[in-house]
Amino acid sequence: MMAGTAESCSEVSGNGKMDLMVEEDILTSSKASSKEDAAFDETIGHIQDILIDPLFSDVQGQFMEKHYKEFEDKEENKFIYSDIFKLYTDLVEQHLEKELLKRMPGFSMEAFMASLQTRKSEMNEEIFDMLLSFSDFLTFKQMFLDFKAEKEGLTPDLQGLIVTSLLTSKR
């Protein structure tokens, strides 16, 4: 269809200049798109690096250490959970943005969030789930309950567990 459009334009102009302009527009558009793709991919790569960095684990661990005692394994949620969730979400966003700005000067969290919405299907499912977990309350609450259980020694110790097969051989 574009070729038809270009031909129509050149017929109108009569000098071939319009063909060149349409082709330049197409090339510019494709270069911009691939530049946006590259920037998005680079950002996702940096986010992966940030999330596996021990610094992120330290920041997250310190936050959990400070707040885990507030959580109870009950269906009803306390009002304070919402406050802690907001603090946690802000902490993660600020940490990600600060680290991304170090690695990508001029990075814009707003622009990235907008492109994230349109590129959900292009993302690695694991990374998308991890990013989603930072804004999902139930995942957040379960993370705190697991942390609390571990801190209080309520997780089963599977270290000395011996696994045997229940299958019997046919003779």
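Student: What classes of residue make up the lining of the largest pocket?
Tutor: The lining has 12 nonpolar, three polar and two charged residues. Here Ala, Val, Leu, Ile, Met, Phe, Trp, Tyr, Cys and Pro count as nonpolar, Asp, Glu, Lys and Arg as charged, and the others, Gly among them, as polar. A pocket is an open set of points on a 1 Å grid where a 1.4 Å probe fits, with protein on both sides within 12 Å along at least five of seven lines, and lining residues have an atom within 4 Å of a point.

Student: What should I know about the model itself?
Tutor: It's a predicted model, where local features need pLDDT of at least 70 and side-chain atom pairs count only at pLDDT 80 or more, while totals for chains, interfaces and linings use all residues. Residues are numbered from 1 along each chain as its sequence is written, and side-chain values use heavy atoms, with hydrogens and water left out.

Student: Back to that pocket. Which residues lie nearest its centre?
Tutor: Met113, Leu116, Leu131, Leu132 and Ser135, out of 17 lining residues. Helices α4 (79-103), α5 (109-118) and α6 (125-133) each supply at least two residues of the lining. Those helices are DSSP runs (H or I, at least four residues), numbered from the N terminus.

Student: And the second largest pocket, which residues lie nearest its centre?
Tutor: There you find Ala39, Phe40, Thr43, Ala111 and Phe112, with 14 residues lining the pocket. By class, that lining has seven nonpolar, four polar and three charged residues.

Student: Which helix gives the most to that lining?
Tutor: α2 does, with five residues. Both α2 (17-52) and α5 supply at least two residues there.

Student: Phe40 and Phe112 both came up. What kind of aromatic pair do they form?
Tutor: A search of the whole structure finds 15 aromatic pairs. The one between Phe40 and Phe112 is stacked, at 5.7 Å centre to centre with 25 degrees between the planes. Rings of Phe, Tyr and Trp (its six-membered ring) pair if their centres lie within 6.5 Å; planes under 30 degrees apart are stacked, over 60 edge-to-face and the rest tilted.

Student: Which parts does the pair tie together?
Tutor: Phe40 is in helix α2 and Phe112 in helix α5, so the pair links parts that are 72 residues apart in sequence.

Student: Are those two buried or exposed?
Tutor: Both are buried, where buried means under 20% relative accessible area, exposed over 50% and partly exposed in between (1.4 Å probe, protein chains only).

Student: What about Tyr88 and Phe134, how far apart are their ring centres?
Tutor: They're 6.4 Å apart with planes at 50 degrees, so that pair is tilted. Tyr88 lies in helix α4 and Phe134 in the loop between α6 and α7, so this pair ties together parts 46 residues apart in sequence. Tyr88 and Phe134 are both buried, and they belong to one aromatic cluster that includes Phe63, Phe71 and Phe144.

Student: New topic: which members of the largest nonpolar core touch the most others?
Tutor: Leu96, Phe112 and Phe144, among 30 residues. The largest share of this core, seven residues, comes from α4. Such a core is a set of buried Ala, Val, Leu, Ile, Met, Phe, Trp, Tyr and Cys residues joined through side-chain atoms within 4.5 Å.

Student: Last one: what does His46 touch?
Tutor: Leaving out residues up to four places away in sequence, His46 touches Leu100, Arg103 and Met104, with contact meaning heavy atoms within 4.5 Å. His46 lies in helix α2 and is buried, with a relative accessible area of 17%.
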